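Colleague: Please take me through this model, starting with a single residue and then moving to the overall fold.

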Amino acid sequence: MKRTLTNRQKKAIYIGGIIIFAVLLVVLGSVIGKPLLKYVSDPKKFAEWIDGFGIWGRLIYILLCTLQVIIAVIPGEPFEVAGGYSFGLWEGTLLCLTGITIGCMVIFMTVRYFGQDMVEVFFKKEDIERLSFLHNPRKLNTLAFFVFMIPGTPKDLLSYFMGLTRMKFTHWIGLTFFARIPSVLSSTFRGAALGEGDVRKSVIIFAVTALVSTAGMLGYNYYVKKKNGE
C-alpha cells in the first residue's frame, strides 16, 4: 500500500533535497575541487598523473570535467588546457566536451525536478531574472546556442538556468555539446601547444582568447541590459 505524502512532508523533502545537494557540492568543491585545481593547473604534472591510470585515465578525465561543470565554483579552463596537454588537441577536446555534456545533463534534470529554488541556491535571483528573455519558446534554441558559443558569457549560470526553460532535453544535449566547441577548442589548442613545447603559440592563443572573451562578455552584458531595459 502506497503512502500518501502530505503537503508539509512534500515541502520538507523538497527543501531537504536542495540542502543536501548544496552541501554535497560545497564539500566536493572544498575537499576535492581546490586541491585538484592546484594539481591540474600544472599540465605536465597532470599529464603524468593521468597517464598512470592507463586507459582508465580517459574515463577519469571525463568524470573530472563532469564534476567541474556540476560544481560551478570550480573554473573549467585549467581542465580544458590540461586535457589538450595530456591527450592532444582533438582527443582532449572530445573527452572534455563529453564530460561537460554529461555534467550539463545532470544539472538540467536536477533543475527540472527542483525548479528555480535549486538555481537560487547557487546564483542570485536578480541574475536569474536577467535571463528571462530566454523564455521565448520561438527563439529559445537559437538564442541559447549563440549565447553559449560566445566566449566570456556566464556558462555556469546559463547551464543551471536552461532547466527552467521549455527547452527539450534532447535539444539541450546537442546544444551544450556543439555550442561549447569554440571555447573548449581554444583551451585544448593552447594545452596541446604547451605539450609540443611551443610556448610562443600557446601565449598567442591565450592572448587572442582573452581578447575574444572580453569582447564576448561586454557584448553579452550589453545585450542583456538592452533586453531588460537597463
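**Residues, fold and helix packing**

Colleague: Where is K125 found?

Modeller: K125 is found in helix α7. Helices are DSSP runs of H or I with at least four residues, strands are runs of E with at least two, and both are numbered from the N terminus.

Colleague: What is the basis of the numbering and the values?

Modeller: Residues are numbered from 1 along each chain as its sequence is written, and side-chain values use heavy atoms, leaving out hydrogens and water. The model is predicted, so local features need pLDDT of at least 70 and side-chain atom pairs count only at pLDDT 80 or more, while totals for chains, interfaces and linings use all residues.

Colleague: Back to K125, then: how accessible is it?

Modeller: K125 counts as partly exposed, at 44% relative accessibility. Buried means under 20% relative accessible area, exposed means over 50%, and partly exposed lies in between (1.4 Å probe, protein chains only).

Colleague: And which residues does K125 contact?

Modeller: Setting aside neighbours within four places in sequence, K125 is in contact with Q116 and E120. Contact means heavy atoms within 4.5 Å.

Colleague: How many helices and strands does the chain have?

Modeller: There are 12 helices and 0 strands. Of the 230 residues of the chain, 41% count as buried.

Colleague: What share of the contacts joins residues at least 24 apart?

Modeller: The share is 77%, taken among contacts in the chain between residues at least 6 apart in sequence.

Colleague: Now a loop. Where does P75 lie?

Modeller: P75 lies in the loop between α3 (56-70) and α4 (77-87). P75 is partly exposed, with a relative accessible area of 39%. Its C-alpha atom is separated by 9.4 Å from that of D156, 81 residues apart along the chain.

Colleague: What about F133, buried or exposed?

Modeller: F133 is buried, with a relative accessible area of 12%. F133 has its place in the loop between α7 (125-129) and α8. Between the C-alpha atoms of F133 and L143, 10 residues apart along the chain, the separation is 9.1 Å.

Colleague: On to packing. At what angle do α8 and α10 pack?

Modeller: Helix α8 (residues 140-149) and helix α10 (residues 169-178) pack at an angle of about 25°, with their axes 9 Å apart. That makes α8 roughly parallel to α10. Angles under 35 degrees count as roughly parallel, over 145 as roughly antiparallel, 65 to 115 as roughly perpendicular and the rest as oblique. Axes are lines fitted to C-alpha atoms, for helices over the stretch in contact, and angles run from 0 to 180 degrees between N-to-C directions.

Colleague: Which residues meet there?

Modeller: From α8, N141, A144, F145 and F148 meet H171, W172, L175 and F178 of α10. The residues of this contact divide into 6 nonpolar, 2 polar and no charged. Here Ala, Val, Leu, Ile, Met, Phe, Trp, Tyr, Cys and Pro count as nonpolar, Asp, Glu, Lys and Arg as charged, and the others, Gly among them, as polar.

Colleague: How are α5 and α11 set against each other?

Modeller: α5 and helix α11 (residues 181-195) pack at an angle of about 135°, with their axes 9 Å apart. They are therefore oblique to each other.

Colleague: Finally, where is the place of T101?

Modeller: T101 is in helix α5 (residues 89-114). T101 is buried, with a relative accessible area of 6%. Apart from neighbours within four places in sequence, T101 is in contact with I173, T176 and F177.
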